[in-house]
Amino acid sequence: MRRFAAVSWIAIPLAGVLVLSGCSSAKTDNSDELQIVANPVAAKPAVSPAVTVKPAGQVLPTGAVSALAVADGTLVVALAQPPSLQLYDLNALASPPVNMPLYGKAEKLTVAPGRVEIAEPAQGVVQQLSLPDRKLTETKTGGQPASSIAYGADRLVAMGPAKDIQVLPAAGPARTIGGQLYSADDVVDTGKGVVVLDRLRTAVFSVDVAAGKVNEGLRAGDGAANAVADSYGRVLVTDVRAGALIAFSASPLIMRQRYPVPGGAYGIAYDAQRSLAWVTLTERNEVVGFDVRGGEPVEKYRFPTVRQPDSVGVDEKSGRVLVGSAAGEGTQVIQP
């Protein structure tokens with residue numbers, strides 16, 4: 001029987017280790033006690049085997065998917081080659097999609113009120129797709145922006161290897177928040193605090209946006225991959241190397257749950273209407289839905305997917321789950 005590890009009792013010592021190690025330079029000091037190896041490498045999705053079970057639901061004939069999102073009745077699929085978006089009307093999936101070219105490959109799509117934020121790191125650009133009018137505007141950030149989210153009237157942009165977060169206000173100059181990070185790969189607003197995911201350090205850190213500080217951090221398994229906020233002020237993180245779903249409260253930053261999810265847990269999306277966390281298992285070509293309302297996740301659904309299911313999204317209105325194949329085998333639409 002799978003159980004949560006009783007882990008919250010180790011949160012304070014681990015946070016201390018992270019803060020202490022952050023006092024020295026992350027650029028030159030490889031003695032970080034949280035690292036398994038001296039020169040850490042960011043976690044990547046496990047390579048999927050060939051599909052042996054027919055994917056559940058409907059499969060749309062898209063190319064290799066680099067990211068996807070669902071907003072305002074629209075399925076937004078980012079394709080790697082050529083770098084572009086395909087926009088599907090969720091109420092008319094048989095209709096041809098609207099194609100929109102991008103400057104470069106989109107690594108992350110994040111839903112914000114009235115728009116989708118599109119991070120294109122190779123081009124140093126974050127674009128905004130407004131919905132339902134489907135217009136693209138751009139913000140040049142420089143560097144390699146890994147993700148972007150709305151934060152009140154401002155935007156927070158995780159700047160990847162630059163090891164910091166850009167705060168882009170609605171008016172006035174941008175500012176930067178840094179410290180302790182090896183890589184700023186995703187930023188999540190839980191409603192009770194902001195958390196940044198560091199894949200190189202396989203850790204999460206709380207961020208005080210008002211004070212412009214990166215605060216305490218905690219180890220997030222052996223290979224933190226992706227993160228999403230849930231309805232309970234927590235950030236949920238997939239650990240692809242150890243195979244786990246980890247939950248952290250944001251304020252204070254404490255590991256609340258660590259639940260084993262074997263099979264290369266990688267992509268994650270959250271359905272706030274049903275309290276379901278959808279996790280893709282790239283080693284198994286599966287997607288699993290967990291009810292996260294209780295003391296431990298409860299598996300409610302498990303479906304076979306397209307090959308290399310690196311991306312997942314959910315339509316909260318209908319409950320449909322969308323899974324994108326990074327191997328070019330389409331985008332899957334599943335009605336649980």
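**Strands, burial and salt bridges in a predicted model**

Tutor: In this predicted model, 4 strands form an open sheet in the order S1-S28-S27-S26, with antiparallel pairing. The edge strands are S1 (58-60) and S26 (311-314), and the twist averages 20° from one strand to the next.

Student: What makes S1 and S26 the edge strands?

Tutor: Each of the two, strand S1 and strand S26, pairs on one side only.

Student: Why is strand S19 called mostly covered?

Tutor: Of the 6 residues in S19 (residues 234-239), 6 are buried. The burial applies to both faces, with Arg-234, Leu-236 and Thr-238 on one side and Val-235, Val-237 and Asp-239 on the other. In a regular strand the side chains alternate between the two faces of the sheet.

Student: Which strands does S19 pair with?

Tutor: S19 pairs with S18 (residues 224-229) in the antiparallel sense over 4 bridges, and 6 bridges join S19 to S20 (residues 244-250), again antiparallel. Ala-229 stands opposite Val-235 in S19, while Thr-238 stands opposite Leu-245 in S20. The hairpin of S18 and S19 has 4 residues between the strands, and there Gly-233 takes a positive phi near 75°; the hairpin of S19 and S20 also has 4 residues between its strands, with Gly-243 in the turn at a positive phi of about 70°.

Student: Why is the contact of Asp-239 with Arg-258 called a salt bridge?

Tutor: The N to O distance between their side chains is 3.5 Å, and the rule asks for a side-chain nitrogen of Lys or Arg within 4 Å of a carboxyl oxygen of Asp or Glu, so the pair qualifies. Because Asp-239 lies in strand S19 and Arg-258 in strand S21 (residues 253-260), the pair ties together parts that are 19 residues apart in sequence.

Student: How do you know whether Asp-239 is buried or exposed?

Tutor: Asp-239 has 0% relative accessibility, and buried means under 20%, so Asp-239 counts as buried.

Student: What makes Asp-291 and Arg-293 a salt bridge?

Tutor: Their closest N and O atoms are 2.5 Å apart, which is within 4 Å, so the pair qualifies. Asp-291 is buried at 8%, whereas Arg-293 is exposed at 55%.

Conventions
Residues are numbered from 1 along each chain as its sequence is written. This is a predicted model: local features need pLDDT of at least 70, side-chain atom pairs count only at pLDDT 80 or more; totals for chains, interfaces and linings use all residues. Side-chain values use heavy atoms; hydrogens and water are left out. Two strands pair if DSSP finds at least two bridges between them. Axes are lines fitted to C-alpha atoms, for helices over the stretch in contact, and angles run from 0 to 180 degrees between N-to-C directions. Buried means under 20% relative accessible area, exposed over 50%, partly exposed in between (1.4 Å probe, protein chains only).
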